[in-house]
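Please open the model in your viewer and keep the selection tool at hand. The tour moves from one selection to the next.

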Amino acid sequence: MERNVMGELNMYRQLGIKPNFTQIAKKYGLHRHTVAKYWSQGEEIEDRRCDRESAFDGLRDVIERKAALPGVTKRAIYEFLLDRHREAGLPTYGAFTKYCRAHGIDCAASAEPEAHPRFETPPGRQMQFDWKEGLEMVDANGEVFEFNVFSAVLSYSRAHRFVYSRARTEDDLIACLLATFVRFGGIPEEALTDNMPSLVTFSGGGRKRSGRVWRFADEAGFKLKLCKVRTPQTKGKDESSNRFVNRLLAYQHDFTGEQGLIEAIARIEARSNAEPNETTGLPPAALFMREKESLRPIGNLRLLQEMAGDVSVQRVPATMLVRAAGRQWSVPRSCIGKKVTVISMPSGQIRVTMGGEEVAVHDASEAAGPIVYSEDHYVEALSGKSWPADRDIREAARANLDLLERLGGD
């Protein structure tokens with residue numbers, strides 16, 4: 001209130017007019033002598049608001065460290081802070097950008113994108129998909145992970161799906177498409193993507209289809225369409241969804257193991273579906289409820305799974321192991337006592353899903369012995385035990401895994 005008084009008095013000063021102190025005092029609920037003192041002494045009311053500690057002050061080191069990461073955005077940093085510092089009671093994204101400007105915190109500028117017109121499709125008509133490929137991240141223990149993210153978006157609702165994948169083979173593409181359709185609860189009329197090697201090969205200036213994924217599309221009942229060469233903007237909605245994946249860069253050095261990476265991707269997917277889309281003005285999750293009614297039902301799920309590989313449904317025992325291809329493979333601890341679908345693929349991959357979500361992937365060519373635990377799963381199992389408490393749990397896990405790998409060896 002006092003700042004309003006000073007603002008009005010300053011206006012009179014600039015006009016060279018002496019104000020009515022009594023009138024101003026009544027207006028602001030002050031004594032006229034107080035108003036006269038402000039006028040005669042030219043006192044400014046000190047604004048102490050700028051001295052208040054910001055909720056971001058305690059996280060400034062984190063913010064500056066993340067802003068220095070190549071390719072990271074302010075939105076990515078803000079989403080990371082919301083995830084990892086929920087107790088801080090952080091204000092809005094607008095307040096965060098204002099804080100960054102006030103403290104000179106900038107992220108690297110992005111290249112100016114080419115302009116291209118938007119086009120819209122009716123509900124259930126189209127899905128766009130692509131790979132975010134060749135990603136590399138380092139976890140909190142210094143372990144390097146090289147991986148890809150399958151990115152899909154329904155064109156009408158902008159509902160997103162992000163799936164972690166170690167490789168980009170035909171097996172991986174079929175598995176990711178299947179996981180996406182199960183998550184969406186239906187299949188669109190068409191799926192648009194670019195000329196990825198798992199779909200086409202180029203020879204003599206022409207394109208030749210790689211048959212297996214196309215047969216999967218025919219059986220699933222959707223039309224697989226390819227962009228024109230060197231025109232990725234024709235699937236601009238998925239190019240936009242790939243920007244969400246860039247938020248993953250904020251987790252550099254702040255996740256543990258492959259499972260931690262998968263969980264970070266799942267959180268980014270959930271956030272991207274919950275926040276309003278800048279074109280539609282609505283969260284994708286809200287529009288998806290309307291679009292889901294227009295998707296075609298998955299009427300032959302078992303057949304589609306069998307096209308991916310040999311399928312079995314198993315209940316997970318306390319050992320956290322399922323059987324496939326004559327060996328046993330680990331799954332996360334959360335699967336114990338629950339039914340999972342195990343797919344043994346022609347390439348040698350073992351993929352395990354629960355409730356339509358992929359929970360484990362193994363590669364037979366990289367694993368030895370009749371019993372194969374991933375290190376993350378084994379650490380999960382040991383973390384509930386007391387006997388390795390005197391030493392690092394991950395070190396104990398690696399020692400025991402070495403012993404398991406020798407089983408059945410030469």
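In which loop is Ala325 found? Select Ala325, and you will see that it is found in the loop between β9 (321–324) and β10 (327–330). What you have on screen is a predicted model, in which local features need pLDDT of at least 70 and side-chain atom pairs count only at pLDDT 80 or more, while totals for chains, interfaces and linings use all residues. Residues are numbered from 1 along each chain as its sequence is written, and side-chain values use heavy atoms, with hydrogens and water left out. Helices (H or I, at least four residues) and strands (E, at least two) are DSSP runs, numbered from the N terminus.

Stay with Ala325 for a moment. Most residues other than glycine have a negative phi, but Ala325, which is not a glycine, has a positive phi of about 55°. Ala325 is exposed, with a relative accessible area of 59% (buried means under 20% relative accessible area, exposed over 50% and partly exposed in between, with a 1.4 Å probe and protein chains only).

Next, select Arg158, in the loop between β2 (144–154) and β3 (160–165). Its phi is near 65°, again a positive value in a residue other than glycine, and Arg158 is buried, with a relative accessible area of 5%.

Now colour helix α12 (residues 301–308), where Leu304, Gln305 and Ala308 are buried. Seen down the axis of α12, its buried residues fall within an arc of 100°, so they line one face of the helix; the arc is that of the directions from the helix axis to the C-beta atoms. Among the elements that cover these buried residues are α7 (170–184) and α8 (211–220).

Select α7 and α8 together. They pack at an angle of about 20°, with their axes 9 Å apart, where axes are lines fitted to C-alpha atoms, for helices over the stretch in contact, and angles run from 0 to 180 degrees between N-to-C directions. The two helices are therefore roughly parallel to each other (angles under 35 degrees count as roughly parallel, over 145 as roughly antiparallel, 65 to 115 as roughly perpendicular and the rest as oblique). Their contact (heavy atoms within 4.5 Å) includes Leu173 and Phe181 of α7 and Phe216 of α8.

Finally, select helix α5 (residues 74–84) and helix α6 (residues 93–102), whose axes come within 10 Å and cross at roughly 115°. Among the residues making this contact are Tyr78 of α5 and Phe96 of α6.
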